Amino acid sequence: MSVKTVATTPFADQKPGTSGLRKKVRVFERPNYLENFVQSIFDTLESPAGATLVMGGDGRYHNRTAVQTILKMAAANGWGRVMVGRGGILSTPAASCVIRKYRAFGGIVLSASHNPGGPNEDFGIKYNIGNGGPAPEKVTEAIFARTKAIGEYRILDAADVDIDSLGERVLGGMVVEVIDPVADYAALMETLFDFDAIRALFGSGFRMAFDAMHAVTGPYAREILECRLGAPAGTVLNGEPREDFGGGHPDPNLVHAHDLVAAMTGKDAPDFGAASDGDGDRNMILGRDFYVTPSDSLAILAANATLCPGYARGLAGLARSMPTSQAADRVAERLGLRCYETPTGWKFFGTLLDAGLATLCGEESFGTGSNHVREKDGLWAVLMWLNVLARRRQSVADIVRGHWAEYGRNVYSRHDYEGMEASAANALMDHLRQASLGGRKLGGYTVALHDDFAYTDPVDGSTSSHQGVRVVFTDGSRIVYRLSGTGTEGATLRVYIERYEPDAARHHLDPQAALADLIALARELAEIEARTGRTEPSVIT
Ligand code: VG1
Ligand code: CO
């Protein structure tokens, strides 16, 4: 076995987005494409010789090939040990858990998350630092800078390694340790939640449906829900991970998690429904005929956190991404906590969690998590809901309605316009940035604030600008616009609409109806139809 140094030339398009580098599989299959990016990561890190790296992915098409390439490159770049999930599998939160537990130098997560998988679909790669969380922007920017200058990469000339059986094997001067992808994560969950109470809940006839969407959480959900918590076999739907996620979008929302939505409809439906995404970091929560928005879910989990053993002593603070509704802020205020507002993407929560300023974090995009790892965590959120349900013994709908009655409802919706021309989308955003809206009266609303969100990290002082155009009205209602940073084709415009409704008599209204005037205003302000020809969003959540 010898180390080969291979000459290469840069690719211009390896800038990581909201969560790592995501491209079509066909792009990743180009000679040297993956290798250039991985070598750029290794060149950027100041990892001591012999350091430990964690690696795993969501099991999508190209995962196994990429794992073998990266193992050989890690061996040629002086890593001492790579801990890899069996079969190349680790959910994103499990990867974060393993990095932290074994104090690894960092980790490589192979996933394009909620994007579809298969030979003609998407693949992705991201680097996580030693705290278990996504690399902060200064690291991803350094990696990107390196991709533009790279001239060679190093790889071991060796046969593929067996990654399908547990245990250690040697690859050049490096140890490859194949670990159980579920065990460490499941053990961590047992320390946070009241498994006895949840077991008793299932024992009392409570029924649940969990849609793993043929993605990575299937084995985790089966082990934790069915084996450890005693939920009946069959609670986990679509539990076999597949390289193409069964042809679907592994995106847990009302549009894509249709099997779950069907299962949760009607009077014989289970009491509780949940789904997770491709890499296991997102969650959707449903009751019988009832949908919980992710923003409400964060607020409700925060308000009930002390019912869970891992959070019994209270929370240090909350954090939410800027476009996430302000429901969590109301809970924070009641609890006397700060609620931090960060740009979109989990990487911005890491410093707050590390500094002990926040305990729970969330995003409107079906992401919820806590300081137990440094990623959002789908099954964790499901278990926290189960713990709350086991202690409160009320239906999901009653818990949510009770929360609204107590705090008021932040009526909320996100409208996505997918597959737009990038130039039209960029022009639309420029137009919104330049419009001078401050103080203007629009319909029944008066603009209190109009800006392009900029953030200064309160812990390390790093700054991020152009994080989304906000139009905030004097009554606290908001319209937020930003472009997606996770897509691989064209551009996606996301429009986030929110209005506070204190009147309990109006809490039952459908959000699309309750927000109709703001939705119309949002389309008008951005000139969506005139600029893009779109009259309706492609996905509403
Ligand atoms: C989207 C979500 C964002 C989330 C990101 C990664 O990003 O809006 O909240 O953190 O996906 O989630 P964007 O830039 O497309 O809006 V995942 O589960 O795809 O890692
Ligand atoms: Co994800």
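**View 1. The surroundings of ligand 1 in the predicted model.** Around ligand 1 of this predicted model stand 19 residues, the closest being Thr18, Ser113, Ser365, Gly485 and Thr486, where a residue is taken as near if one of its heavy atoms lies within 4 Å of the molecule. By class this shell holds no nonpolar, 10 polar and nine charged residues; Ala, Val, Leu, Ile, Met, Phe, Trp, Tyr, Cys and Pro count as nonpolar, Asp, Glu, Lys and Arg as charged, and the others, Gly among them, as polar.

**View 2. Side-chain atoms beside oxygen atoms of ligand 1.** A side-chain N or O atom of Ser365 is 2.6 Å from an oxygen atom of ligand 1, and for Ser484 the distance from a side-chain N or O atom to a ligand oxygen is 2.6 Å. His114 places a polar side-chain atom 2.7 Å from an oxygen atom of ligand 1.

View 3. An automatic or database domain assignment divides the chain into domain 1 (2-180), domain 2 (185-407) and domain 3 (409-540). The contact, meaning heavy atoms within 4.5 Å, takes 27 residues from domain 2 and 23 residues from domain 3. About 2200 Å² is buried between these two domains, with carbon and sulfur atoms giving 58%; buried area is the accessible area (1.4 Å probe) that two parts lose on being put together, summed over both. On the side of domain 2, Met322, Gln326 and Trp404 lose the most area to domain 3, together 26% of what that side buries.

**View 4. Salt bridges and polar contacts between domain 2 and domain 3.** Three salt bridges are found across this interface, each defined by a side-chain nitrogen of Lys or Arg within 4 Å of a carboxyl oxygen of Asp or Glu. Nine residue pairs, both at pLDDT 80 or more, are in polar contact between domain 2 and domain 3, that is, they have N or O atoms within 3.5 Å, one able to donate a hydrogen and the other to accept it, and residues adjacent in sequence count only if both atoms are side-chain atoms.

**View 5. The salt bridge of Arg146 and Asp43.** The structure holds 39 salt bridges, and in one of them the closest N and O atoms of Arg146 and Asp43 are 2.8 Å apart. Arg146 belongs to helix α5 (residues 137-147) and Asp43 to helix α2 (residues 33-44), so the pair ties together parts that are 103 residues apart in sequence; helices are DSSP runs (H or I, at least four residues), numbered from the N terminus.

**Notes.** Residues are numbered from 1 along each chain as its sequence is written, while chains are lettered from A and ligands numbered from 1 in the order in which they are written. Local features need pLDDT of at least 70 and side-chain atom pairs count only at pLDDT 80 or more, whereas totals for chains, interfaces and linings use all residues, and side-chain values use heavy atoms, with hydrogens and water left out.

Terms used: Helices (H or I, at least four residues) and strands (E, at least two) are DSSP runs, numbered from the N terminus.
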